Amino acid sequence: MRRAVYPGSFDPVTLGHLDIISRSSKMVDELVVGVLNNSSKNPLFSVEERVTMLEEVTRHLPNVTIRSFDGLLVDFARQCGARTVIRGLRAITDFEYELQMSQTNRIMCPELDTIFLTTDLRYAYLSSSTVREVGRYGGDLSAFVPQKILEQVYKKFREVQ
């Protein structure tokens, strides 16, 4: 069975993330979307909220499962039985960072390969940081996040203001 992990913070999940999830789910038997609980960041959404949002927007993809994790990606991949990591690239600056991370992961876990997918051009500019910035000032998020979670995202911004 070909199992891959697509890790990220997903704070919140964007249409760009969903594009990578959808496309990569067609390449493997099972895709595990790993929601990182990063103690060095101050996320807008809790890990549980991010997992729930991802479950909602990927419900139509039968071979996708959502799990939270903390610690090293290589340890999470081993726990999942995955030998492949999926990473999305928006720009050349993403590639430099992602290449360094994939090489580091390969040193720690030689059996773990990384596949880079370039984002659909419609989402090349899009990041969760952009969504949070626009949302913080009450902007229209409908072009950035999946429709199914749009109201939940708006609600969160109303709560934190």
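This is a predicted model: local features need pLDDT of at least 70, side-chain atom pairs count only at pLDDT 80 or more; totals for chains, interfaces and linings use all residues.
D29 sits in the loop between α1 and β2. Is D29 buried, exposed or partly exposed? Its relative accessibility is 36%, so D29 counts as partly exposed. Leave aside residues up to four places away in sequence, and D29 touches M1, R2 and N63. Now look across to L126. D29 and L126 are 97 residues apart in sequence. In space, their C-alpha atoms are 28 Å apart.

Next comes the sheet. In what order do the strands of the open sheet stand? There are 5 strands, and the order is β3-β2-β1-β4-β5. The pairing is parallel. Strand β3 covers residues 64-69 and strand β5 covers residues 113-118. These two stand at the edges, each with a single partner strand, so one side of each has no neighbour in the sheet. Neighbouring strands are also turned against each other, by 30° on average when direction is ignored.

Strands β2 and β3 run parallel and are joined by 6 bridges. Here G34 stands opposite R67 in β3. Move on to β1, residues 3-8, and β2, residues 30-36. They too run parallel, and 6 bridges join them. Find Y6, and you will see that its bridge partner in β2 is V33.

Then step from β1 to β4. How many bridges pair β1 and β4? The count is 2, and the strands pair in the parallel sense. Look for A4, which stands opposite T84 in β4. G88 stands opposite L117 in β5.

How covered are these strands? Strand β1 is mostly covered, with 5 of its 6 residues buried. Strand β4 is mostly covered as well, and 5 of its 6 residues are buried.

Now follow the chain out of β1. The loop between β1 and α1 holds F10. The phi angle of F10 is near 55°. That is a positive value in a residue other than glycine. Is F10 buried or exposed? Its relative accessibility is 2%, so F10 counts as buried. The loop between β1 and α1 also contains P12. A cis peptide bond joins D11 and P12, with omega at about 0°.

Which strands does α1 lie across? It lies across β1, β2, β3, β4 and β5. Its direction is at about 120° to that of β5. Helix α2 lies across β2 and β3. It runs at about 150° to β2.

Stay with α2, residues 47-57. E48 is a residue of this helix. It is exposed, because its relative accessible area of 57% is over the 50% cut-off. Compare its place with that of A82. Along the chain, E48 and A82 are 34 residues apart. Their C-alpha atoms are separated by 23 Å.

Helix α2 also has a helix partner. Two packed helices are described by the angle between their axes and the distance between the axes. How do these values look for α2 and α6? Helix α6 spans residues 147-160. The two axes come within 9 Å and cross at roughly 160°. An angle over 145° counts as roughly antiparallel, and α2 and α6 are therefore roughly antiparallel to each other. Their crossing is left-handed.

Which residues make this contact? From α2 come E49, M53, E56 and V57. They meet K148, I149, Q152, V153 and K156 in α6. The residues of this contact divide into 4 nonpolar, 1 polar and 4 charged.

Methods. Residues are numbered from 1 along each chain as its sequence is written. Side-chain values use heavy atoms; hydrogens and water are left out. Axes are lines fitted to C-alpha atoms, for helices over the stretch in contact, and angles run from 0 to 180 degrees between N-to-C directions. Helices (H or I, at least four residues) and strands (E, at least two) are DSSP runs, numbered from the N terminus. Angles under 35 degrees count as roughly parallel, over 145 as roughly antiparallel, 65 to 115 as roughly perpendicular and the rest as oblique. A crossing is left-handed if the near helix is turned anticlockwise from the far one by less than a right angle, and right-handed if clockwise. Contact means heavy atoms within 4.5 Å. Ala, Val, Leu, Ile, Met, Phe, Trp, Tyr, Cys and Pro count as nonpolar, Asp, Glu, Lys and Arg as charged, and the others, Gly among them, as polar. Buried means under 20% relative accessible area, exposed over 50%, partly exposed in between (1.4 Å probe, protein chains only). Two strands pair if DSSP finds at least two bridges between them.
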